[in-house]
Amino acid sequence: MLRQLSTLSKLTTSSIKYAANNTATFVGLPLLSREDTSLPLTQTTAYWISDTQKGLDAFFNDEFELAQNIFMQHHLESPFHAVGFALIAYVEAILGFEAEKIQIALERINAAEILAKQFIRKVRRKGWYKFKYDQYENEHDLVSVSFDSNHYTAKKIRSPEIQYELLVTNCMLMSSTIQFLRHSWLEYMKAAYKLRKAYKLYEQMFEALTGQKASEYATRLYKRTPVERQQFLYSTHNEKKLSSVSLPSNSVKINFDNTIRMEMGRKKRKQATAADTPCHLDESLDLMIIENATESGIFFGIGLFSLIFSLLPPKRFQSSRPFALHLLQKSFKTLGLYSSLSALSLLAYYTNLSLFIHPYLLPKSLSLENAREILDQMKSSFPNGKIWKLLEGKLCKMEGKTRKGVEILRDTRRRESLGIDLFTGRQIQTQTKKNGVVCELAQLQALAVYEMGWGQIFLGDYFQASETFFRLESMNNWSKAFYHYIATCCIFADEEYGKAAMEFMHIPSILKRKRQLGGKLLPNEIFAERKIKHWKLKSINGNIDINLDNIVLDGFCLKKVVVINPLWELIYLWNGLSQLTPHMLHLMKYTIETSLETLTKEEIGSDLCQLYLLLGVSVRELGDHDLADMYLRQAMESEDAKNEDKWALPHVYYEMAALNCFKLLQTNDFKA
């Protein structure tokens, strides 16, 4: 009886497997279970890549529900879909800093990494693929990866193992960066180890792709002039490599734009069956899709790592920024699977440089024109994507079009309505379309509001700016106290001193409540708390015997003790003086000069260094370099050791260095 049941069980299992395999073969997708040791067909891998690209396109076009549905359809059998599925959770975790979303992201990333490693083991067990690939290449003379013929030799990606290793490395990169969000030294150590391992893997893949080490590539690139680098990036030879394939009968150029790629995917899905033997054209296209995705991913990975390392102290991290930007632009130009991610990295890098460097001193490796060209392409491909509107608003400020940037960000808000966060169940802003409601990344909305608020400050629209930051305080949990501080500084700048005093006095209670709940104050919150304590201490003439918590300032007292307009101080620290209008700069110059002339040294106190610093920078922005030099030197001499704002003197030295750069540029312009 038991033997009969065992035989029946085996027959049933065999029938189920046979039916499942036939069904999967009919739709062109082989069944892939944990016990399955077979590799997917080339056309299946190409379909997975094309479909994952479709999901990424939907994601970057704010069609989040569509993107999630695409990834969820095959994320259990396709490592490409699994990584895309993890990417959505990763972005939400990075933007939101919420423990629940971080955990969800880590679980998805771990699942994707396990699946990709399973495919690596399958490739290593199946040695026949390399023989088949080499045989096909010899028969049809397939064009593959090659570089500038003057310096680089052709090297082909012969093993499919590298495409799955690339996915594993991407998972390592995502998981390590998320681990840095966890406040644990053990997590930091794990993250650092994973980052180093991921970078080494990217280097190995880069060497396999190009035939040389990344350092050698960077050295040869460095020897070229900026013009030669651009010619190398856009050379006909490279464009041919990325956008054409040699066919058996004749050479046909194939542009891998989104429309053709999707059309190819649809065509293959309709025609692919188990009985079909793919023609040379179809298989060559499939191989080109796979290789294009692999190239794009390797360039993106090594480029992103090199860019991050180039921003760190050079004594510990040696990296070339032109090399990093070159590779990211190269990945973008491939129009491969990682093209949009490369564009996002380039634009995020360039637009955030304005927080640290004066627009006139930005590096030439990526120009404003290049950034605008990339952004325009992304806007054309993803007209509904809010991330591109956010970046455009920031880029407009760098172009001197602050009002246009504010309008773009405001227009984004006008198309919003309430929805529900899929993870937390809270109400968020969602985008409504004719076909229904699409899920929204609420964090992107908060970032857009944040940038809009700073744009309003730079335009001098203080009332609207205060309303924007008060709204942001209710939208975001990142730092309610600091948003409140910015909004109150706007009220102070709008000369509503009584209301400003009341709001400033409310900030210590917000911080106290955060401490009671076990929260750790952020550096900007400590800054705001220190400024308020400084004003209170001045109001009682430095009498330390009085409890400052019992001091309440009214509008009259606040106006008397505040020597430096707190909003001007924030604008300077956020590197925004270069974006102010000439009228605002003249007002700042006149107000500070009047304060220096009318106030006594006792009334100014330890704020003297900051006054001269702001005066020197505002004068420099108005074009008077000699006067700016004089004021900055006075700032150095007036530094007070008792001043709690230790940031002032280092900034003075930085501004002196920047001023010398301005003088050098001015001299070169005169010579030209």
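**Reading a predicted model against its definitions**

UniProt, in an unreviewed entry, places the feature "transmembrane region" at residues 297-314 and 335-357, in the numbering used here and as an annotation that may be inferred rather than shown by experiment. The model is predicted, so local features need pLDDT of at least 70 and side-chain atom pairs pLDDT 80 or more, whereas totals for chains, interfaces and linings use all residues. Residues are numbered from 1 along each chain as its sequence is written, and side-chain values use heavy atoms, without hydrogens and water.

Q: How do you know what secondary structure residues 297-314 hold?
A: With helices taken as DSSP runs of H or I of at least four residues, and strands as runs of E of at least two, the span is 78% helix and 0% strand, and its end C-alpha atoms lie 26 Å apart.

Q: What makes the span of helix H21 agree with expectation?
A: The expected span is 1.5 Å times one less than the number of residues; for the 14 residues of H21 (residues 480-493) this gives 20 Å, and the end C-alpha atoms are 20 Å apart, which agrees.

Q: Why is H21 called largely enclosed?
A: Buried means under 20% relative accessible area, with a 1.4 Å probe and protein chains only; 13 of the 14 residues of H21 are buried, so the helix is largely enclosed by the rest of the structure.

Q: Which residues does Phe323 contact?
A: Contact means heavy atoms within 4.5 Å; leaving aside neighbours within four places in sequence, Phe323 is in contact with Phe206, Ala214, Tyr217, Ala218, Leu221 and Ser306.

Terms used
Buried < 20%, exposed > 50% of the residue type's maximum accessible area, 1.4 Å probe, protein only.
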